[in-house]
Amino acid sequence: MMISNKNTILKSALTALFLAVFTFLSPSVFAGEETSHDHAASEEKFNSGKLILEHISDAHDWHIMGEGEQAVSIPLPVILYTAEKGLDMFMSGKFEHGHATVQGKYNYRLDENNHILIVNEAGEKDEAAMAGLYDISITKNVASLFFSVALLLFVFLSIASAYKRNPNKAPSGLQSFMEPLIVFIRDEVAIPSIGKHKYEKFMPYLLTVFFFIWINNMLGIIPVIPGGANLTGNIAVTGLLAVFTFVITTLNGNKHYWHHIFAMPGVPKWVLIILTPIEIMGIFLRPFVLMIRLFANILAGHIIALSFLCLIFIFGEMHTGLGFGVGIVSVLFNVFMGLMEILVALIQAYVFTLLSAFYFGAAVEQSHNHKESIV
């Protein structure tokens, strides 16, 4: 009799639990949630493309957290110059996240792409004034550039100081971490590519470009300040680095290098008519390839990671439970992508440095050390 009562109580408890779970998951309960979703959707749909572009683009403030009106960011100096009225400087916080017009020597406001516009009294773009506007502001990428340069100076001046204090002692601390990397660039990149008699004068540039790209790649992966800027995913930055390599290569080109470009030895003259323009084109293609390779790889990594993060919000708009389920997969994939980006950050710095060393080696090699052209 007692066993029968216990079974009855157990069945009743399970039934109550089942009904509670069923009631919680039933469409009637979600009806209220769907209504709130519909209401939210009517206010503003999640725009993944806008979010991705905002995070990979340069900006006049350094975003920390939040979106829209609730966004928290560090304002940066806005420096504008026009030939007619000269310099105009103020902090980007005056734009109030793009909602306010700043009154200076002109009226300024931000457009949807975070570019500064000169507007007239009616709020319309002043094309005539815009033609003479130069924006030399300290943007997020510029601030990140200053930070990385300060970090590089701190690291290498500290190491140089340590070597001076202890010239005959084994490295320790930061020295012991950086020395293997420096030795690797010298022994595995510079000497095999340039030659042991001429590599030394290129070492300062090769080390600078390697650590500059690597540190900024790593800073781009870190989502919080001082990271988060897409400096090496900016084509202007990678283009300038490629120009440095091009200028150094061109200035150090010896007689054999230019002879190889304009009249490759051992080739029939009629072939030179075809080959020489290709070789001349190759001079400019090399830095172009350097620029595109670094820019595309870093930018693509950021876009892929952000795209999977956006999936959480896209599916979350459809259904909360669906967004939660996709969120688990997206977070796991982003962790995987983060680990991959750490590896890519180092590989891309190595590839840029290695190709630069190859170009320098081709420019200074002697005729008996002929190497194939590398693009």
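Author: Two strands pair if DSSP finds at least two bridges between them. Strands (E, at least two residues) and helices (H or I, at least four) are DSSP runs, numbered from the N terminus. The model here is predicted: local features need pLDDT of at least 70, side-chain atom pairs count only at pLDDT 80 or more, and totals for chains, interfaces and linings use all residues. Residues are numbered from 1 along each chain as its sequence is written, and side-chain values use heavy atoms, with hydrogens and water left out.

Reader: Which residue in strand 7 is the bridge partner of Asn107?

Author: Strand 6 (residues 107-110) pairs with strand 7 (residues 116-119). The sense is antiparallel, over four bridges. In strand 7, Asn107 has as its bridge partner Val119.

Reader: Which residue in the turn between strand 6 and strand 7 has a positive phi?

Author: The two strands form a hairpin with five residues between them. A phi of about 65° in that turn belongs to Asn114.

Reader: Which residues form a cluster with Tyr108 through ring pairs?

Author: Rings of Phe, Tyr and Trp (its six-membered ring) pair if their centres lie within 6.5 Å; planes under 30 degrees apart count as stacked, over 60 as edge-to-face and the rest as tilted. Ring pairs link Tyr108 into a cluster with Phe90, Phe95 and Tyr106.

Reader: Which residue lies over the face of Tyr106?

Author: A charge sits over a ring if NZ of Lys or CZ of Arg is within 6 Å of the ring centre and within 35 degrees of the ring normal. At 4.3 Å from the ring centre of Tyr106 lies Lys85.

Reader: Which strands stand at the edges of the open sheet of three strands?

Author: The sheet has the order 4-3-8, with antiparallel pairing. Each edge strand has a single partner, so one side of each is left without a neighbour in the sheet. The edges are strand 4 (86-91) and strand 8 (133-135).

Reader: How many residues apart in sequence are the parts tied together by Tyr81 and Tyr134?

Author: A search of the whole structure finds 14 aromatic pairs. The ring centres of Tyr81 and Tyr134 are 6.4 Å apart and their planes stand at 40°, so this pair is tilted. Tyr81 lies in strand 3 and Tyr134 in strand 8, so the parts tied together are apart in sequence by 53 residues.

Reader: Is Tyr134 buried or exposed?

Author: Buried means under 20% relative accessible area, exposed over 50%, partly exposed in between (1.4 Å probe, protein chains only). Tyr81, at 35%, is partly exposed. Tyr134 has 52% relative accessibility, so Tyr134 counts as exposed.

Reader: What kind of pair do the rings of Phe156 and Phe211 make?

Author: Phe156 lies in helix 5 (residues 140-165) and Phe211 in helix 7. At 26% relative accessibility Phe156 is partly exposed, whereas Phe211 is buried at 1%. Their ring centres are 5.0 Å apart and the planes stand at 70°, so the pair is edge-to-face.

Reader: What do the buried residues of helix 5 pack against?

Author: The buried residues of helix 5 include Ser148, Leu152, Val155 and Ile159. They pack against helix 3 (48-56), strand 1 (61-65), helix 6 (174-194) and helix 7.

Reader: How far apart are the end C-alpha atoms of helix 7?

Author: The expected span of a helix is 1.5 Å times one less than its number of residues. Helix 7 has 19 residues, so its span should be 27 Å. The model agrees, with the end C-alpha atoms apart by 27 Å.

Reader: How many residues of helix 7 are buried?

Author: Helix 7 (residues 203-221) holds Asn217, which is buried at a relative accessible area of 3%. Asn217 touches residues (heavy atoms within 4.5 Å) that include Thr232, Leu294 and Gln348. Helix 7 is mostly covered, and its buried residues number 15 of 19.

Reader: What percentage of the 375 residues in the protein chain is buried?

Author: The chain comes to eleven helices and eight strands. Among its 375 residues, the buried ones make up 35%.

Terms used:
Lists of a residue's contacts leave out its neighbours within four places in sequence.
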